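Hello,

Here is the structure I promised to pass on to you. Have a look at it first, and then read on for what turned up.

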Amino acid sequence: MDAVTRWSFRGDLDRDPDRSAYRRSVVEIGLRVAVVSAALVVGIIGLVVAYVLWQLTPEQVHERPGPTDVHISLDTLDLSIAVVGVGGLAIVFAGVAAWWIARRAVRPLADAARMQRTFVADASHELRTPLTVLHARVQRLRMMTPSEDPRDAVVTELSADTRVLIDIVNDLLEAAAGVVEPDSTTALATALLDVERDMTLLAAERQVHLEVAGADADVAVSATQLHRCLVALVDNAIAHARPDGLVVVTADVGRTAVTIRVADDGPGITGIAPSRVFDRFAHGAPGVPTRAGTRTGYGIGLALVRDVAVRTGGDLGVERTGDAGTVFALRLPISSPRPERRTTEADR
């Protein structure tokens, strides 16, 4: 299927990712319909052959026709060639018709995906300059703030936050352009510390306790992408945790992948099937109301996290949900798989 898709781009230098996905869908639908049509044609040919063989039995050959019967003689070889030829043409016609219908049916989806990618690219591009100016002004404020000033720590954190915003916008631009950063590696322990530092303030505003456990692993994801995923998951958990509740972030490091679990003690996913929370603009019941107000999302954060995870070879899913809370499991590949540990006599 991939070879057929690449062949469809012959002589075309503009191999846009959206067009590639569009053509792959068309080829896949066409091939599936052709296979189903081929199965039906082969079944019909089998019935015809079985009928012909039945007619060639001695009982049928020497049977005398009745006065009202019409006796027709057919050459077995000619009949077989005709049946196979008609069946082959039917399969080809069904495949071409399916390809043409699928092309027309999938085109609106391709146009919508292209419009979405264009919007993300345009919005990210327009945000780059204001964020760069903001970061420059914060840097200037940082230089004007003496180190002994108690506000220096806040200014330093503000400068780091603006830098993170710029990196996120650049990452969105690269994703919209289909650019994949090669050999990206990020220390998970550092990312978890940054998320704990950034999200503790938001958790305190919503009367939620945040606990983040460290982990020693290097994941094959860029620092910006990992930060985006962790912030979105923790932010979602804080929004749905009970007042004075608890949000726990843990990491289980395996040989080839690490599983990051974000658990809250909220009422669970309600108002929508757990499998649909990763669809864009689909969301369940609003967050748990607190003194800071009720948090209502737009159903985009979890979809973006899953896109990043799948694009880097991982996945995101709902591990558990119910009255006791919800657990999201983010699986990301490790940059250098750990060798299996051999058991020695000392271990025994």
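Let me begin with a pair of helices: helix 7 and helix 8 cross in a left-handed manner. Please keep in mind that this is a predicted model. Helix 7 covers residues 223–240 and helix 8 covers residues 301–311; their axes come within 9 Å and cross at roughly 145°. On the helix 7 side, the contact is made by Gln225, Arg228, Cys229, Ala232, Leu233 and Asn236. Helix 8 contributes Gly301, Leu302, Leu304, Val305, Val308 and Arg311. Sorted by class, the residues of this contact are 7 nonpolar, 3 polar and 2 charged.

Next, the strands. In a regular strand, side chains alternate between the two faces of the sheet. If you want a place to start looking, His209 stands opposite Leu246 of strand 4.

Now for the charged side chains. How many salt bridges does a search of the whole structure find? The search gives 6. Here are some that you can look up:

- Arg151 and Asp149 meet through their side chains, at 3.1 Å from N to O. Arg151 is exposed, with a relative accessible area of 59%, whereas Asp149 counts as buried at 15%.
- Arg163 forms a salt bridge with Asp167, and their closest N and O atoms are 3.4 Å apart. Both residues belong to helix 5 (residues 152–177); because they are 4 residues apart there, about one helical turn separates them. Arg163 is partly exposed at 36% relative accessibility, and Asp167 is partly exposed at 26%.
- Arg306 forms a salt bridge with Asp315, with the closest N and O atoms 3.6 Å apart. Arg306 is partly exposed, its relative accessible area being 29%, and Asp315 is partly exposed as well, at 35%.

There is also a network of salt bridges, which links Asp194, Arg197 and Asp198.

Enjoy exploring the structure, and do write back with any questions.

Best wishes

Terms used: Residues numbered from 1 in each chain as written. Predicted model: local features only at pLDDT ≥ 70, side-chain atom pairs only at ≥ 80, totals over all residues. Heavy atoms only, no water. Axes fitted to C-alpha atoms, helices over the stretch in contact; angles between N-to-C directions. Helix = DSSP H or I, 4+ residues; strand = E, 2+ residues; numbered from the N terminus. Left-handed = near helix turned anticlockwise from the far one by under 90°. Contact = heavy atoms within 4.5 Å. Nonpolar A, V, L, I, M, F, W, Y, C, P; charged D, E, K, R; others polar. Pairing = 2+ DSSP bridges. Salt bridge = Lys/Arg side-chain N within 4 Å of Asp/Glu carboxyl O. Buried < 20%, exposed > 50% of the residue type's maximum accessible area, 1.4 Å probe, protein only.
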